[in-house]
Each structure stands twice: as structure tokens, then as C-alpha cells.
Amino acid sequence: MQKTNTQPTLGIAYAVVALIIAALYFTGTIGTALLSAGLKMPADVASFSAIALLAAAAIFMNASPLVVLSTGTFAGFFVLSIHQDEPLVRYLCLGAVLFAIGMYGMVASRNAVRVLMSIELMLNAVNINLVAFARYVDPTEVKGQVFAIFILTVAAAEAAVGLAIVLAMYRNTATVDMEEFNLLKY
């Protein structure tokens, strides 16, 4: 008897349902349904609670935790930030979503080039947050922009050193798999 792997199917089903809940919140459908049912719960709390309960159920049914975590993070930030009046919140949520995507790519990938790209994405998410804070908290100073330039410089140096290591690894092992990095010490 063959076992079937339901992890990808459950993770994708959770992702679709969580994004549908976020879209329903965006259109105002959840808020009107709660008011017509007589509930006094805000729509964003109800949407975020539904996404969290779906995440718990998907993990309990052995869905992929990485898919559940990344989709829940994206849907939660979408629900909590879409109706904010302050533009700073939208920039911070964009930075958080980019950082979550980079973190997922860094954790889930075994390819060294993809890991380097994910680290670059995470550094750029930090740059978005620094520039947004600099613009909205103290617009007369350029401290956030200066820090962002320093981070871009460090990212360029990290990319050069990282790619040199990846090329040395490929030259010695003919692979860029992260599991084979221990072969470079011999």
C-alpha cells in the first residue's frame, strides 16, 4: 500500500483560504457579516483570528509549517495594515513581508545562490524600514538614508565574498548544495 503525502496539498489549501479571508476583509464582507450576525467583534480581529485558527488546524493536520507560517504572516500583515491611515505602517508592512519572504528563502533553500539572494532581500527590507522611519519620524535629518547606504555597501561586500565562496565550492565539488559546505575544509 502506498502512502500519500498530503503536506503540500494542505499547505496550499491553507494558503488559498487565508488569502481569501484577507480579500474578504479588504472588500468589507466580513465586517458586514459580523454586524448582521449581531457580533460586536471588529473585522480585523475576526479575520486575524480566523487565519490563526486555520494555521493551527493546518499544522495539526501535518501541513508544511513553512508554507503555513509564510502565508499566515503575509495574510496577517495584509489584514492589519490595509486600512491604516498612516503611510508609515504600509511601508513597515512591506518591509516585514519582504523580510519574511527572504527568511523563508534562506531557511527553505539548499542552494547557496538562493540563500545569498534571500539575505539580500532581507537586507533590502531593513533598508525600506530605515528610510521609512527616517522620512516619517525625523524628516529634516538623513540618518536613515546614511544607514541604508552603509547596509548597501555591506551587502555588496557580502555578495562578493559569498559568490567567491560559492565559486570555490563549485570548483571543488561541482555542486552548490549547502549540505556540501563541510567538504571545503579538506
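Here is a short walk through the helices of this structure and one of its cores. The model is predicted, so local features need pLDDT of at least 70 and side-chain atom pairs count only at pLDDT 80 or more, while totals for chains, interfaces and linings use all residues. Residues are numbered from 1 along each chain as its sequence is written, and side-chain values use heavy atoms, leaving out hydrogens and water.

Let us start with Val 79, which lies in helix H4, residues 65-81 (helices are DSSP runs of H or I with at least four residues, numbered from the N terminus). Val 79 is buried, with a relative accessible area of 1% (buried means under 20%, with a 1.4 Å probe and protein chains only). Val 79 also belongs to the largest nonpolar core, which has seven residues, including Ala 18, Ile 30 and Ile 51. Such a core is a set of buried Ala, Val, Leu, Ile, Met, Phe, Trp, Tyr and Cys residues joined through side-chain atoms within 4.5 Å. Helix H1 (7-27), helix H3 (43-60) and H4 each supply at least two residues of this core.

Now follow the chain to helix H5 (residues 87-108), which packs against H6 at an angle of about 165°, with their axes 8 Å apart. Axes are lines fitted to C-alpha atoms over the stretch in contact, and angles run from 0 to 180 degrees between N-to-C directions. That angle makes H5 roughly antiparallel to H6, a term for angles over 145 degrees.

Helix H6 (residues 112-137) also meets helix H7 (residues 143-173): their axes come within 9 Å and cross at roughly 175°, so H6 is roughly antiparallel to H7.

How values were computed. Buried means under 20% relative accessible area, exposed over 50%, partly exposed in between (1.4 Å probe, protein chains only). Angles under 35 degrees count as roughly parallel, over 145 as roughly antiparallel, 65 to 115 as roughly perpendicular and the rest as oblique.
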